[in-house]
Amino acid sequence: MKQKLVALILAVAVALSLSLAGCTEEVKQTEEPKESETYSNDFEAGVKNVTVQDLTYSVPTAWEKRRGENGFTYYYPASGDSFLAVSFNAINAKNHSITEWENFNTYLSAMEGDDYKNVSKEMRQNKNKVEYAHHAGKLNVGSDAYDMEAGLFNCEGGFVQIGFLVKENLGINYTQDISSIFDSVEVPKKLPGDPNDENSPEPTSDASEEPSAEPSEAAQEKPAETTTTGQRNALSKAKQYLSIMPFSHSGLVSQLKYEGYTTEEATYGADNCGADWNEQAAKKAQQYMDIMDYSRQGLIDQLKYEGFTQSQAEHGVSAVGY
């Protein structure tokens with residue numbers, strides 16, 4: 001159970017270490033604090049600007065900063081029992097956008113479990129007209145319950161996750177602070193190389209290149225279709241998951257089966273997604289090390305719990321310095 005909770009906390013931390021359609025502009029409604037709560041005014045007391053990739057956001061200067069090793073940055077208010085987690089997630093897929101509902105729902109489905117329940121999801125737009133995917137949920141860890149709120153923002157090369165976790169009944173309401181942080185996010189309107197950018201250089205072609213020869217008749221013949229629609233869709237979904245977070249082979253199969261694919265379809269997707277499982281183990285190991293301290297054997301055991309083989313787990317811990 002402990003390992004399952006650790007895995008869940010990691011997923012949330014990564015998310016903070018892709019149905020519906022359309023986009024709604026956020027209508028700012030101030031949530032009244034409960035009688036036992038008081039508002040935090042940390043954001044009003046002073047802020048500093050932080051840049052990740054080409055995205056800029058503001059965070060209260062009073063919050064203690066702690067940096068992880070895999071692109072994670074954590075900020076802790078003085079009250080304790082709550083924290084802000086920010087990370088950049090690289091996406092290799094061309095034109096991938098976390099504000100597309102398919103991608104956002106896939107991301108959320110990877111987080112769902114017995115101890116985490118997503119309670120809301122929507123597309124929002126902040127004061128700077130930046131669109132982002134917003135979700136909130138409940139997290140149970142043993143006897144403790146946490147409220148979580150997160151915003152996912154597109155940026156150059158991927159997306160930035162900004163999320164806040166606070167223990168229930170803490171007595172301090174951080175609604176205003178987290179809303180102010182989301183509203184502070186700014187990104188360039190056009191990324192370098194955007195084809196719609198008037199300042200982007202025109203693509204050039206080498207006039208010396210010879211025109212490609214016509215393919216032979218044999219090359220023009222389409223290979224016989226040997227895969228099913230379910231297998232092809234499972235493969236596409238597998239690649240989508242791997243663009244969000246690392247998985248073991250068996251972990252990816254289980255996630256695809258959770259999505260409704262058959263064992264055969266899920267296995268096909270994991271077998272043909274092109275993943276290097278040693279590399280996935282190394283990425284997962286680094287994510288765990290960013291969250292908490294592990295002994296070498298403890299980290300190996302955690303990776304094996306995630307579905308990695310003994311050799312893959314050993315490779316993963318070696319990659320992070322053990």
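Salt bridges, pair by pair

Modeller: The side chains of R124 and E122 form a salt bridge at 2.8 Å, N to O; the term means a side-chain nitrogen of Lys or Arg within 4 Å of a carboxyl oxygen of Asp or Glu. This is a predicted model: local features need pLDDT of at least 70, side-chain atom pairs count only at pLDDT 80 or more, and totals for chains, interfaces and linings use all residues. Residues are numbered from 1 along each chain as its sequence is written, and side-chain values use heavy atoms, with hydrogens and water left out.

The two partners in this pair sit on either side of a cut-off. R124 is buried, with a relative accessible area of 13%, whereas E122 is partly exposed at 28%. Here buried means under 20% relative accessible area, exposed means over 50%, and partly exposed is in between, using a 1.4 Å probe and protein chains only.

The structure holds five salt bridges. Another of them joins the side chains of K138 and E168, at 3.1 Å from N to O. This pair links distant parts of the chain, 30 residues apart: K138 is in strand β8 (residues 131-141), and E168 is in the loop between β10 (158-167) and β11 (172-173). Strands (E, at least two residues) and helices (H or I, at least four) are DSSP runs, numbered from the N terminus. K138 is partly exposed, with 36% relative accessibility, and E168 is also partly exposed, with a relative accessible area of 28%.

The side chains of K283 and E279 meet at 3.6 Å, N to O. Both residues belong to helix α8 (residues 277-291), where they are four residues apart, about one turn of the helix. An α-helix has 3.6 residues a turn, so residues three or four places apart point the same way. Side chains of opposite charge can pair when their charged atoms come close.

To sum up the pairs described, R124 with E122 is at 2.8 Å, K138 with E168 at 3.1 Å, and K283 with E279 at 3.6 Å.
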